[in-house]
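Hello,

Here is the structure I promised to pass on. Please open it first, then read my notes below.

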Amino acid sequence: MAAEKLRDLSKPIDVSLLDATVAAFYGTGSKEERIAADNILRELQNNQDMWLQVVHILQSSQNLNTKFFSLQVLEGVIKYRWNALPSEQRDGIKNYISDLIVQLSSNEVSYRREKLYVNKLNIILVQVLKHEWPARWQSFIPDLVTAAKSSETICENCMAILKLLSEEVFDFSRGEMTQQKIKDLKQSLNSEFQLIHELCLYVLSASQRTELIRATLATLHAFLSWIPLGYIFESPLLETLLKFFPVPSYRNLTLQCLTEVAALQFGDFYDMQYIKMYTIFMVQLQTILPPGTNIPEAYANGSSDEQAFILNLALFFTSFFKSHIQVLEATDENRSVLLLGLEYLIGISYVDETEVFKVCLDYWNLLILQLFEAHNTLDNPTLAASIFGLQVSGMVDGLGSQVLQRRQLYSAPLSKLRMLMISRMAKPEEVLIVEDENGNIVRETMKDNDVLVQYKIMRETLIYLTHFDHDDTEQQMLKKLSKQLSGEDWTWNNLNTLCWAIGSISGSMMEEQENRFLVMVIRDLLSLCEITKGKDNKAVIASNIMYVVGQYPRFLRAHWKFLKTVVNKLFEFMHETHPGVQDMACDTYLKIVQKCKRKFIITQVGENEPFLSELLSSLATTITDLEPHQIHTFYEAVGHMIQAESDPAKRDEYLKRLMDLPNQRWAEIIGQASRGVEILKDQDVIRTVLNILQTNTSVASSLGAFFLPQITLIFLDMLTVYRMYSELISSSISEGGPFASKTSFVKLLRSVKRETLKLIETFVDKAEDQPQIGKQFVPPMMDPVLGDYARNVPDARESEVLSLFATIINKYKGLMIEDVPRVFEAVFQCTLEMITRNFEDYPEHRLKFFSLLRAIATYCFQALIQLSTQQVKVVMDSIIWAFRHTERNIAETGLNLLMELLKNYQVTEFRNQFYRTYFLVIEQEIFAVLTDTFHKPGFKLHVQVLQILFCLVDSGSLTEPLWDASTVPLPFPNNTAFVRDYTIKLLGTSFPNMTPVEVTLFIDGLFESKHDIHAFKNHIRDFLIQSKGFSAQDNKDLYAEEAAAQKERERQRMLAIPGLVAPSELQDEMVDS
């Protein structure tokens, strides 16, 4: 009954009933009451006439939530229906809201009491302004300023309105208003700013009220980034701000305003004012925060205001230095205040708070980069040499002396900065051992991306700093390390950050210096490991030794004794059961072996046999404490060593010794199975089989084609086990229904099947340029693998079968043509039935199926041509289905496959037939995914497909018409004219918001720019933004290609500076003689 009464808006609404409904919605009553109230309020909100009741509600209700509800209704009308209202209604709303704001804010008591309500009314007023001002409400700013002068509380609220207006126009306008509207509002604010400026200065000079001054400073802060510069530098504004800076209650707001001014960049016209501002600021700062204060301690013990002050101070210094540091470098007296500012900033950089540190770090990185680029003038080799500490006589070049002066100026701060980077270095990705919140040393469970980004910036900064002064970096690191040894400075964190810093500068010193430095570092770390007691302490030191040695392959290759000591130390750590130590030992061992593998297969001076032979003799004891996954890493590393041996007889002998343990166990299991297959059903035996196969895969991945003797040994037995396990799975699923596939027994059996396929695929993939080797394994697999896939129930089909055959076809290319029909027959129809029911089931099969199809289309296209028309249709449908997919990898694979087919069909005699059937379908489908918003990552490929189609139709190579004469009454002169007409109609109906002229211009532009992919792509980009399909959304995917090119340029820049690209990322086929 009450609901009906509320819904009847023909008479004034019953406010007490509305209050009760709103109270029920926000109240603590039953869930049903809240849902009922929610439904009534939604209905009212959606009612077109509800807004007419707003004034009545605001006047009658005492409930703040009810007032907010009615203002929400009003806001909706202002945002979306304002211009449709008659002018008297618009004026009525405007005047009512303005009067209400003045009434509430003219009295101190009501203003404080109703603050939230007034804030909401201010927002409504600004929404009105976005429509009315300046055209229909020219006097708004003068009216506001006049009202502000009538009372201090009204003035405080006027400041709040101005701040909101500035934010709406300058910060949040994108996607909310048209470009023209934004431009008009900005011009109006600029042209009327004088009144606002005078008001702000008047308040700051005349008022004694804290709240009003704070509101004025907050408003100024919103305005300073865009107002005409004269208002800042040619008025008393800066002096006034600096006057307020020492006052504690205004300090943070004033500092934010000064930071906005400091960040402005516009040439050197106001340099003198900037110097004056900075100098006065520094004098005042020294009273607030005396030099020499322990800033990190002050921050830790400070109030929230004091902590905000330190962050704001960091923002001020970094903004000022980014834009104006060179002005301060010019004269002696300014240099001393510049250095004092840098001193403060280094102090702030030690504050233990991520946000504060990020602000400082970003600036340090920028400063060092600027100094380095100025110094590293490669056109001037003598200059470059002198920068890196090499004495070159006869340096009188003006630029050179200027650069050297600058280097001397910054030498003290840069030295302190080295210390900062070393003491606060972030954790690199390779380190797996961390301290948890309870102070225990544990294995890391999740990567922290923020820390990795921070590490990357710090590493780059420290490498530049090292290039400036190698000796200082080395001395600071060694001094810090000796304090660890003496116990004076020993903590886990101090050792960690020091070792991460040492590892991060690999490659940035001259080789001779690096060798000397590392000998000392590794010796000290090894002796630290000996003298320190306690399991956790040893684990931390072990992790650091492993990280450092893994970063310096160049050093290890040059020093066999060290390399041997390090590897034996890693073997020691492999028996250490502390969480994470064994994992890190195996990972570091693999990393070192990949870079130094040749060192292990030659007999070194003073040795009786190569290290590899020695290692294989004691293999069983070395790996005795390792988990299976760690053993696999170990075996992969030994595989790399064997691969480096060039003598085939020795290589096969090493491989035989390496695989001895798994092969013995394999022979035992196969022997027992030949007497009775029941043993193969035992879960422990299945696990052992899986483990043996995984060990084989690890070795195959590093050994490549040289793995042949081992795979030949186990291949046929492996296929027999595969077939047997497959039959077991099928019978379990057919007896136990679909849930049987989820049991641990069936999952384990499937793991063995998958690992078998993975082993064959790894071997085929790694056996480079040896088609005859891998091809012999294909015929025996046809029935056990392909036949089994076709016969199985969908839930028991392994997607790895698809990827194995994709790898085989990619590897052996045309040699596989006669096998393709068999592959097609076994996997095509049955896989399509699995993956086309919906977009979710069997995700692995989807991707691998399209990868297999792409391999066939690329290398065995002749086999596709021989398919029946019906089969080709199924292929094309599945491709269209793939690129419609919202899963990025599947859509991209589908598009790449489509391009292969389009290009291959162009050069066959079937091209007319193929394109007549599919040209328009493909064009329509590509435009569909190009213009919806779910497939943006595919933009580059969509453009390429359209380019292929438009070039093809215009080239004249299609000699038959693309249209169907029976349905198109008027024949077209050629295919180009037909496609142009078809596309205009297609887009015209899809985008009714675009005029026929705009659509026609777009299509003509496509035909004109079709041979220039860059112009073609930009043309399509403009169309997408114009068609409003992509407005106010994240469009970075449309520019992904440009972003990738920028990334490559950045990599080339890094390669030019020694050390910037980590040794592990360098593709140096280790100069490992």
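**What was found**

The UniProt annotation "domain: Importin N-terminal", from an unreviewed entry, covers residues 37–103. UniProt positions are given in the numbering used here, feature names are shortened, and annotations may be inferred rather than shown by experiment. This is a predicted model, where local features need pLDDT of at least 70, side-chain atom pairs count only at pLDDT 80 or more, and totals for chains, interfaces and linings use all residues. Residues are numbered from 1 along each chain as its sequence is written, and side-chain values use heavy atoms, leaving out hydrogens and water.

Back to residues 37–103. They are 78% helix and 0% strand. Their end C-alpha atoms are 32 Å apart. Helices (H or I, at least four residues) and strands (E, at least two) are DSSP runs, numbered from the N terminus.

Now the whole protein chain. It has 53 helices and two strands. The C-alpha trace spans about 105 × 90 × 70 Å along its principal axes. Of the 1073 residues, 53% are buried (under 20% relative accessible area, with a 1.4 Å probe and protein chains only). Take the contacts (heavy atoms within 4.5 Å) with a separation of 6 or more: 73% of them join residues 24 or more positions apart.

Last, one residue. Ser166 is found in helix α10, which covers residues 152–170. Is Ser166 buried or exposed? Ser166 is buried, because its relative accessible area is 1%. Not counting residues up to four places away in sequence, Ser166 touches Asp171, Leu189, Ala222, Phe223 and Trp226.

Best wishes

How values were computed
Buried < 20%, exposed > 50% of the residue type's maximum accessible area, 1.4 Å probe, protein only.
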